[in-house]
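Please keep the sequence and the model in view while working through the numbered points.

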Amino acid sequence: MNESLRGTVLLVDDDPAVAKVLGALLTQAGLTTHAARDGQEALALLASKPVDVVVSDVRMPGMDGLQVLAEVARGWPDVPVILLTAHGTVPLAVEAMKAGAADFVLKPFDREEILFTVRKALLRAQGEEARQQVRPTGGFIGRSRAMADVQAVLAKAAAGTATVLLRGESGTGKELAAKAVHDASPRRDGPFVKLHCAALPDTLLESELFGYEKGAFTGAATRKPGRVELAHGGTLFLDEVGDISPAVQVKLLRVIQERELERLGGTQTVKVDVRFVAATHQPLEERVKEGRFREDLFYRLNVVPVWIPALRERPDDIEPLALHFLEVHAKTNGRLPFTLMPDGLAALRAQPWPGNVRQLQNFLERLVVLSDTQVIGGREVLQELARQPGLAPAPFAATPSVSALEAPMVPATDSARTLESQRKEMERQAMADALKRAGDNRTLAARLLGISRRTLYNKLEEYGLL
């Protein structure tokens, strides 16, 4: 396996012989493995160790593979789950993929296929980590005129069958908009299947989109449906479609135009009934001029363009969003309801929020988890802003300045010390502080720092904090 794909795999199987064989296989490929005999043990390991991918049997006593999938999705949404299934449960496994499983592998498994499947999942996880996708919270929140206009366009688009292209900066809620189109459409009872196009290289992206026949390449031990087939009768959401290569663009264009495809390694044409919704933060018009994106594909995707405005362009939405996130995260973390004071709201409104709604949600979750009071005022907001690397608190009227706050102090440094050594010292302090504030819960500490659990463990090892 590729050196860049080193990682840790958690194996969940009640048969120790299967776990032993699979563990040895993955270890030989350069991966670290942990084994759990049931779902409860698996969840305990996830809470205490860095895990990049979970491979779980479907049929197990107690908590089965589908329940493991649901628990991992709830607690560790950045960790993909691969299901091991016997031939008789293939339809169940396909349904699980529609529900969020990364993939499935048939028992008895083929060596090359399991390695190929784990490699895809690791690459996808790396892509998800890079963008730190926030889970949708069940509908648009806001009262700005800009978002009212967006929702009106989405409602009209949902009633038809035309392809929708969602444009806007990262973190504005494009996936939420795609789900809103699906939920309001006549296809609402069909599957909503999504694929992050920038997370996989060309060869793996093709197999994910179009599927493959047995023997199409090394690792293709069985026929596998692609995401397009899985979305039959429903909606396929292609996130970051602007990042796909010209070679894949050609094949995607054919599917959108003809509503048919050929699996990799196959000759049979497969008809599909799919509604396409795509999203990108890329300037596609510029990419077309540069020859990096096909003009005909752009026009096929751009039938109903919808621009999602940045949060800084709709400050009226900050209050309802903040109140919503405070309520959601208070319930999730077992806290009493929070009160947002006027100066706290003013402090939130004064920030530029370059990461948009995603950044605001993560910030408010940290406030909920770490606050010693149920009242969020300007002081609490600015204190938390001062703790976060890369967040410079913006001043606002009638609020104490940042210098008056009890922000973490950085030790004085000798002028001869390098910038790199100062950065490392500050980073180590941030890691130690996050662990202390999270009660040594490393999953929570990673969320407080805005990084993945894998990155946290790597940093803790680097700084001798494990």
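This is a predicted model: local features need pLDDT of at least 70, side-chain atom pairs count only at pLDDT 80 or more; totals for chains, interfaces and linings use all residues.

1. The partner of Glu290 in a salt bridge is Arg292, with 3.1 Å between the closest N and O atoms. Arg292 also counts as partly exposed, its relative accessible area being 44%.

2. The chain contains 19 helices and 14 strands. It has 466 residues, and 49% of them count as buried. The accessible surface amounts to about 20900 Å², and carbon and sulfur atoms account for 53% of that area.

3. How do contacts relate to the sequence? When contacts between residues at least 6 apart in sequence are considered, 71% of them join residues at least 24 apart. Several of the points below give individual examples of residues and their partners.

4. How many salt bridges does the chain have? The count comes to 28. One of them joins the side chains of Arg263 and Glu213, with an N to O distance of 2.8 Å. Arg263 is in the loop between β9 (260–262) and β10 (269–271), while Glu213 is in the loop between α8 (202–210) and α9 (227–230); the pair therefore ties together parts that are 50 residues apart in sequence. Both Arg263 and Glu213 are buried.

5. A further salt bridge is formed by the side chains of Glu384 and Arg366, at 3.9 Å from N to O. This pair links distant parts of the chain: Glu384 belongs to helix α16 (residues 378–387) and Arg366 to helix α15 (residues 356–370), and the two are 18 residues apart. Glu384 and Arg366 are both buried.

6. Salt bridges may also be joined into a network. Which residues are linked in this way? Asp103, Glu113, Lys120, Glu208, Lys224 and Arg227 are linked in a network of salt bridges.

7. Is Arg167 buried or exposed? Arg167 is buried, since its relative accessible area of 3% falls under the 20% limit. Apart from neighbours within four places in sequence, the residues in contact with Arg167 include Lys174, Glu285, Phe298 and Trp307. Thr280, Gln282, Pro283 and Leu284 are also among its contacts.

8. Val274 is placed in the loop between β10 and β11 (275–280). With 1% relative accessibility, Val274 is counted as buried. Its contacts, leaving aside neighbours within four places in sequence, are Arg187, Val228, Ala231, His232, Gly234, Leu236 and Arg259. Val274 and Pro191 are 83 residues apart along the chain, and their C-alpha atoms are separated by 9.7 Å.

9. The last point concerns charge on the surface. Which residues gather in a patch of negative charge there? They are Asp14, Asp15, Asp38 and Glu41. Asp38 is located in the loop between β2 (32–36) and α2 (39–48). Its relative accessibility is 32%, so Asp38 counts as partly exposed.

Key:
Residues are numbered from 1 along each chain as its sequence is written. Side-chain values use heavy atoms; hydrogens and water are left out. Patches are made of residues with over 30% relative accessible area and no salt bridge: like charges are joined within 9 Å, nonpolar side chains (Val, Leu, Ile, Met, Phe, Trp, Tyr) within 5 Å. Accessible areas come from the Shrake-Rupley method with a 1.4 Å probe; for residues, only the protein chains shown count as cover. A salt bridge is a side-chain nitrogen of Lys or Arg within 4 Å of a carboxyl oxygen of Asp or Glu. Lys and Arg count as positive and Asp and Glu as negative; His and the chain ends are not counted. The place of a charge is taken as NZ of Lys, CZ of Arg, CG of Asp or CD of Glu. Helices (H or I, at least four residues) and strands (E, at least two) are DSSP runs, numbered from the N terminus. Buried means under 20% relative accessible area, exposed over 50%, partly exposed in between (1.4 Å probe, protein chains only). Contact means heavy atoms within 4.5 Å.
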